[in-house]
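The following exercises are to be worked through with the sequence and the coordinates at hand. Each task is followed by a solution in steps.

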Amino acid sequence: MTIECASMTTEPETSGYRRVLAHLRDLLVNGGVETGQRLPSERELAIILGVSRPAVREAVRAMEMIGVLETRHGRASTVRIPDAAVLGEFFSLALAQQPAIIDDIVEVRIALERQALRLACARATADDHRLIEQALDDIEATIGDVSRGGHADLHFHTQLVAAAHSPALSTIYGTITHLLERSHVERRQRIAGSPMAREFLVDHHRKVYDAVRTGDVLLADDLILSHFAIGAAWKIQEPGAA
């Protein structure tokens, strides 16, 4: 009897919580409320949606955790712009335990970087060029250091994406940064000591940048595709690789 009562109590609460989450999501996505505006009060939301106030409270708390709402004591929740870094943490945790996730993320990465390079060829500024050149210098300076070199490599690619001046692209790319760090370090481990390491890590990155600097979209696209193909070939050659 006790178990049945617990089940009857929990199920409506869970359903109410999900109803509130769906309602808040629709408000935010469809422009029902904008940044800086307040939501209806906890009591009003409970009445509007026909749910309990604890269900509203839990749903609002979940939205606070991902940074889209801010609540101060005694006041209704306010809509805010979420921190992409926080969203990236959640995204990474959601994907990290899935099998072969790095291969899957690399496929997404190729699509994002190809579009970013197309845009960067037309939009990159003098400041972008300076930052990318600094990133190239860091790659060369860390060629013998697997960990630092992996992060330098990722930083170079991140600067290329930033040069596209597309907030959406940069945000999406940023959400997979933690998983990409692991990918870059693993690749550095595979090619450490190879006589072709410098050609791939320094010279090939420079060719990609030169194509962006001169605005050669087709060459930049060909180079980034071959860059990822070379990395994939190294993985296949790794002992024990399928």
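**Exercise 1. A helix pair**

Which handedness, left-handed or right-handed, does the crossing of helix 6 and helix 7 have? Determine also the relative direction of the two helices and the residues through which they meet.

Solution. The model is a predicted one.
- Step 1: Two packed helices are described by the angle between their axes and the distance between the axes.
- Step 2: For helix 6 and helix 7, the axes come within 8 Å and cross at roughly 165 degrees.
- Step 3: Angles over 145 degrees count as roughly antiparallel, and helix 6 is therefore roughly antiparallel to helix 7.
- Step 4: The crossing of this pair is left-handed.
- Step 5: On the side of helix 6, the residues in contact are Leu131, Ile132, Ala135, Leu136, Asp138 and Ile139. They meet Ala152, Asp153, His155, Phe156, Gln159 and Leu160 in helix 7.

**Exercise 2. The overall fold**

Describe the secondary structure of the protein, its burial and its surface.

Solution. 
- Step 1: The protein contains 11 helices and 2 strands.
- Step 2: Their order along the sequence is α-α-α-β-β-α-α-α-α-α-α-α-α.
- Step 3: The protein has 242 residues, of which 35% count as buried.
- Step 4: Among contacts with a separation of 6 or more, 71% join residues 24 or more positions apart.
- Step 5: The accessible surface amounts to about 13700 Å², and carbon and sulfur atoms account for 56% of it.

**Exercise 3. The nonpolar cores**

Solution. 
- Step 1: The largest nonpolar core has 25 residues, and those with the most contacts inside it are Leu117, Phe156, Leu160 and Val212.
- Step 2: At least two residues of this core come from each of helix 5 (101-123), helix 6 (126-141), helix 7 (146-162), helix 10 (197-213) and helix 11 (217-237).
- Step 3: Helix 10 gives the most, with 8 residues.
- Step 4: Leaving aside residues up to four places away in sequence, Leu117 touches Leu160, Val208, Val212, Ala220 and Ile224.
- Step 5: A second, separate core has 17 residues, including Ala46, Leu49, Val60 and Leu69.

**Exercise 4. A backbone angle in a loop**

Solution. 
- Step 1: Most residues other than glycine have a negative phi.
- Step 2: His165 is not a glycine, yet its phi is positive, at about 55 degrees.
- Step 3: His165 is situated in the loop between helix 7 and helix 8.
- Step 4: The relative accessible area of His165 is 40%, and the residue is therefore partly exposed.

Technical notes
Residues numbered from 1 in each chain as written. Predicted model: local features only at pLDDT ≥ 70, side-chain atom pairs only at ≥ 80, totals over all residues. Heavy atoms only, no water. Helix = DSSP H or I, 4+ residues; strand = E, 2+ residues; numbered from the N terminus. Buried < 20%, exposed > 50% of the residue type's maximum accessible area, 1.4 Å probe, protein only. Contact = heavy atoms within 4.5 Å. Areas by Shrake-Rupley, 256 points an atom, 1.4 Å probe, with all protein chains shown as cover. Core = buried A, V, L, I, M, F, W, Y, C linked by side-chain atoms within 4.5 Å. Axes fitted to C-alpha atoms, helices over the stretch in contact; angles between N-to-C directions. Parallel < 35°, antiparallel > 145°, perpendicular 65-115°, else oblique. Left-handed = near helix turned anticlockwise from the far one by under 90°.
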